[in-house]
Amino acid sequence: FSEQVLEKVLKELQPLCTAEQEFIEKFFLLNQDAADLEVLEVSMRTVLDEPTIRLLSEIFSSLEPELRSFLDVCNRVHPFSCLQVLVTLNDSVFEMWNSSSSLPSSFLNTVLGNMLLLAKSSFNKCIGTLCKEMEEVKVSNKVRGGILPFVIRFEEFVNFSEEVFRPARRRGELDKALVRLAGSVFSSINSLSSANLKANTDMIMMENFHHIHCFLCQKKIGCLEGKKREAKERYSQHLEKYVIKYLGQPLEKLHHFFEGVKARVAQGVKEEEVSFHLAYSKQELRKVIEKYPSKEVKRALETLYRKIHKHLCPEENLLPVVWQAMEQEFIRQYQEFEDLIQRCYAGSGITMDFTMEDLLSYFNSITLSN
């Protein structure tokens, strides 16, 4: 409503102010002949701008204060009304500057130029406040997952601002603001890595970056293409971290054992000599492997699936993606364990109680049953 009122006011002001200005200028040039007018055409602005503007300022002395008051009311009525005001003033000034019927340095142009600066200032303050809110938000340590409130707030602002600026001739201020806001959102998500959350931090960050990426793919906003790519990269990074962390659990002792084996090899111990170290002897390896019979491995994977299902918010539909990534990483780990056994325990006859075919069968049955 506010932008409709402002637009109507500006449309009625323009012919009124222009007519008054032309009358004043013609009146003071009334006794000049055509030759004099031609000579004065270039210098007229310098000669007459000051007295003309002074007269118009006296005639329309209440215009600028009233417009300022109206903008203040708009800001109080709705925190985002500054966007609509900015678009309306931008378009109005643009039309006047490109209109052959209005003088480039007219009194109204000066007044509207001042109002435009005020509108830009209000817009920048609004964006600054919004950025501060997002950067200083405190995420409860009891959060269990899902899309964070400030991410939803960012989406709401983007949707609102894109609708407001859709008919606008210029959107430079909005593009800068959106990039700035996106930076604040990303910063707040990144800060979760140092937060003491009960839920898995990588899971929350994965979901939120995935959500932002999908949203930006849908909106197709040119200035946010870089942020869209960054969101995809961050989503992939945290998906990998989440998968690796939770995949250590089904075969946790086996995972720790082989991490120790790799550490010894990295320190310079020959592969064939690793088994002579007491903590990594053939006997110790057999003890660890015995803890993971095939039935226990399948049960552990089923438990893992249920846990992931409970963690992830259903809206993002990331369960199939995460589970497939889990399967790929699990198989990679299995192949790595098999390779280390062959290299460091060659000829020992030691094997795990389950095969690659068993693993594929476990994952497939869990997927189908859910």
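Helices here are DSSP runs of H or I with at least four residues, numbered from the N terminus, and they are shown in close-up on a predicted model.

**View 1. The largest cavity and the helices that line it.** The structure holds 1 cavity of 30 Å³ or more, and about 40 Å³ of space lies within the largest cavity. Helices α3 (63-77), α4 (81-97) and α5 (107-135) each contribute at least two residues to its lining, which is made up of Leu-71, Asn-75, Cys-82, Val-85, Ala-119 and Ser-122. By residue class, this lining divides into 4 nonpolar and 2 polar residues, with no charged residue among them.

**View 2. The largest nonpolar core, seen around Met-326.** This core comprises 106 residues, of which Leu-89 and Met-326 touch the most other members, while α5 provides the largest share of the core, namely 13 residues. When residues up to four places away in sequence are not counted, Met-326 touches Tyr-242, Val-243, Tyr-246 and Leu-247, together with Leu-304, Ile-308 and Phe-363.

**View 3. Asp-339 in helix α13.** Asp-339 belongs to helix α13, which spans residues 319-344, and the side chain of Asp-339 makes a polar contact with the side chain of Arg-343 at 2.6 Å. Asp-339 counts as partly exposed because its relative accessibility is 33%, a value that falls between the limits of under 20% for buried and over 50% for exposed residues.

Methods
Residues numbered from 1 in each chain as written. Predicted model: local features only at pLDDT ≥ 70, side-chain atom pairs only at ≥ 80, totals over all residues. Heavy atoms only, no water. Buried < 20%, exposed > 50% of the residue type's maximum accessible area, 1.4 Å probe, protein only. Polar contact = N/O pair within 3.5 Å; in protein donor to acceptor, adjacent residues only side chain to side chain. 1 Å grid on protein atoms, 1.4 Å probe; cavity = no way out; pocket = protein on both sides within 12 Å on 5 of 7 lines; lining within 4 Å. Points joined across faces, edges and corners; volume = space filled by probe spheres on them. Nonpolar A, V, L, I, M, F, W, Y, C, P; charged D, E, K, R; others polar. Core = buried A, V, L, I, M, F, W, Y, C linked by side-chain atoms within 4.5 Å. Contact = heavy atoms within 4.5 Å.
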